Amino acid sequence: MLITPHGGTLLDCFATSKEIAELQKKEKDLLKITLDNRELADLELIAIGAVSPINGFMGSKDYTSVVTKMRLANGVIWPLPLTLAVDDTVRAKLKPGMEIGLCDSSNRLRGVLRVDEVFERDPDEEAKHVYKTTDLTHPGVEYLKNRPRNLIGGQLRAMPLPDDLPFAEYRFTPRQLRKKIEELGWKKVAGFQTRNPIHRAHEHLTKLSLEVADGLVIHPLVGETKNDDVPASVRFEAYRALIDNYYPKHRTLLAAFPAAMRYAGPREALFHALVRKNYGITHFIVGRDHAGVGKFYGPLEAQEIFNQFEASELGVVPLKFDPTFYCQSCQNLASERTCPHPATVRHEISGTKVREILRGGGYLPQEFTRPEVAKVLRNYYSSVSPTPGAALPRGFILWFTGLSGAGKSTLAQAIQKELAQKPNCKIEILDGDEVRMYLSKGLGFSKEDRDTNIRRIGFVARLLARNGIVAI
């Protein structure tokens, strides 16, 4: 008997064959909005039932209850709001009961939402509760503050997932993964969430979980992450190398989790655990600073949040592990509970340090990561980084603002010429006039249109920078 889904019933929100035909007929008449990457990820989670019992983007009652109480309006535990934001221009066109088309950046219809209500959020209040800070250096807060305040609540009917989504062979829906688990005969199933390549400490924790579980699902997040996180395609190559060589094949599954990262620390750790129930996972690994960023959360807050709820209400068992490191004296992986030796003989390498080593062309110690994983990471960083000694990061954005004729284009071209002399430096100039001609044609100069134009430039610049290109 598999674990009961969160809220009691596993949903999915895909339109039926009959509904798809009807939606396609009236698509041209629908008011359409383009979703950003996080909203598209949330749409997929809703569509496949990963966030059961939620069947659409949240209305005001659920939103307020989740933000302030970590529960849906009906009392079911839920720590993160799933919201759909629109600007004032779109809001003015919306009426309760109408249907709107939800599109991706290629203008493909990904779903239709029946509008139940339109309401306004307070970004500062949401940030204080969800992220425990209003500091704009927090990536979740930065995202929140850059989105419109208007939110649409309503039920979703999703179109079939596109065939060209990355990691399609690993992108199991909850129903598909549950079927695999059932076929394997697993009763206790451990789950491991990661947005980073797995190093030796992670490997140690996952293998400890196999001592108490029948099987292990390594379930890496493949939605949008920070610019300096390792891309999902590189991480998956590292996961496959690790699993092929160091995990029992009959007790390990690799699957892609399509969510975007919010970096909400404790709340996101709870979200990751509850969602995994819907995938058939019974035990969820929670390590140090799960889903954290910077110094915004204490190292064990992600574990402590589970203590606020009854085990019967959670339904999933959190596996709380202490921080693990390699001890030279023990000649083994250990934790504070098992190692008597001082910090001077411990290998503890932060993600920042790992990136620093690899960008400089160095090698990661075997005590930190397996050589197969180190090779994958080194190949990636060598392909996108300057040669050792060059000070440039692998991709960044320079944004010039000023009045017409102030010299922005002249300055940009001069900098392009200078940077072009750096080894392996790729540069693209996004000229404001060209952007308006090709990317923002039809937009005027109202406050809303100018904001839309800026968001489009920012989106393209970020894509360039995260792929190792200097965007000016």
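Trainee: Hi! Starting with Thr 64: is this residue buried, exposed or partly exposed?
Mentor: Thr 64 is partly exposed, with a relative accessible area of 42%. Buried means under 20% relative accessible area, exposed over 50%, and partly exposed in between, using a 1.4 Å probe and protein chains only.

Trainee: Got it. What should I keep in mind about the model itself?
Mentor: This is a predicted model, where local features need pLDDT of at least 70 and side-chain atom pairs count only at pLDDT 80 or more, while totals for chains, interfaces and linings use all residues. Residues are numbered from 1 along each chain as its sequence is written, and side-chain values use heavy atoms, with hydrogens and water left out.

Trainee: Thanks. Which helix holds Thr 64?
Mentor: Thr 64 is in helix α3. Helices (H or I, at least four residues) and strands (E, at least two) are DSSP runs, numbered from the N terminus.

Trainee: And how is α3 placed against α5?
Mentor: Helix α3, residues 60-69, packs on helix α5, residues 123-130, at an angle of about 45°, and their axes are 8 Å apart. That angle makes α3 oblique to α5. For the cut-offs, under 35 degrees is roughly parallel, over 145 roughly antiparallel, 65 to 115 roughly perpendicular, and the rest oblique. Axes are lines fitted to C-alpha atoms, for helices over the stretch in contact, and angles run from 0 to 180 degrees between N-to-C directions.

Trainee: Which residues meet there, between α3 and α5?
Mentor: From α3 you have Tyr 63, Val 67 and Thr 68, and they meet Glu 125, Glu 126, His 129 and Val 130 of α5. By type, the residues of this contact are 3 nonpolar, 2 polar and 2 charged. Here Ala, Val, Leu, Ile, Met, Phe, Trp, Tyr, Cys and Pro count as nonpolar, Asp, Glu, Lys and Arg as charged, and the others, Gly among them, as polar.

Trainee: How far is Thr 64 from Glu 126, C-alpha to C-alpha?
Mentor: They are separated by 8.9 Å, and lie 62 residues apart along the chain.

Trainee: Switching topic: what's the strand order in the sheet of 5 strands?
Mentor: The order is β9-β8-β7-β10-β11, an open sheet with parallel pairing. The edges are β9 (252-254) and β11, each pairing on one side only. Two strands pair if DSSP finds at least two bridges between them. Neighbouring strands here are turned by 25° against each other on average, direction ignored.

Trainee: Which helices pack on it?
Mentor: Helix α8 (residues 200-210) touches β7, β8, β9, β10 and β11, and its direction makes about 145° with that of β8. Helix α9 (residues 232-246) touches β8 and β9, at about 165° to the direction of β9.

Trainee: What about Phe 284 on the β11 side?
Mentor: Its bridge partner in β11 is Pro 318. β10 and β11 (residues 317-320) pair over 4 bridges in the parallel sense.

Trainee: Which residues of β10 lie on each side?
Mentor: In a regular strand the side chains alternate between the two faces of the sheet. For β10 (residues 283-286), His 283 and Ile 285 are on one side, Phe 284 and Val 286 on the other, and all are buried.

Trainee: Last one: what is the order of the open sheet with 3 strands?
Mentor: It runs β13-β12-β14 with antiparallel pairing. β12 and β13 form a hairpin with 4 residues between them, and Gln 331 in the turn has a positive phi of about 55°. Across that pair, Phe 325 stands opposite Ala 334 in β13. On the β14 side, Cys 327 has Arg 346 as its bridge partner.

Conventions:
Contact = heavy atoms within 4.5 Å.
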